[in-house]
Amino acid sequence: MDEGYGEAWLVGQGGVIAEGSITNVGFVEGDTVVWPDAPVLQGIAMQVLGRELAAAWDQSLKIMGCPCWPASRGAGKPYGWSLVG
């Protein structure tokens, strides 16, 4: 936080991204929102967002590691859903 970061990603073995410290995270690849295929707590915001996105976006699960990040066009967090990238 002292260096301007407002969130941290929780990663497992091998750098596999699971979720944020206080949020879930989704990645945009083309016309698809990709949720990390890792153990996560699906909070209310993630559930609502997933339902609402279903009307206009495909969604999938994928093992997302830090090396996969450049393949994504952006990432967002359901709580405030701010896109980066």
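A salt bridge, as the term is used here, is a side-chain nitrogen of Lys or Arg within 4 Å of a carboxyl oxygen of Asp or Glu. By this rule, R51 pairs with E52, with 3.3 Å between the closest N and O atoms.

Colleagues, a word on the basis of these values. This is a predicted model, in which local features need pLDDT of at least 70 and side-chain atom pairs count only at pLDDT 80 or more, while totals for chains, interfaces and linings use all residues. Residues are numbered from 1 along each chain as its sequence is written, and side-chain values use heavy atoms, with hydrogens and water left out.

I turn to the overall architecture. The protein contains one helix and six strands, in the order β-β-β-β-α-β-β from the N terminus. Helices (H or I, at least four residues) and strands (E, at least two) are DSSP runs, numbered from the N terminus. Of the 85 residues, 34% are buried; buried means under 20% relative accessible area, exposed over 50%, and partly exposed in between, with a 1.4 Å probe and protein chains only.

Let me return to the charged pairs. The count of salt bridges is two. In one of them, the side chains of K62 and E29 meet at 3.3 Å, N to O. This pair links distant parts of the chain, 33 residues apart: K62 lies in strand 5 (residues 58–62) and E29 in strand 3 (residues 26–29). K62 is partly exposed, because its relative accessibility is 32%.
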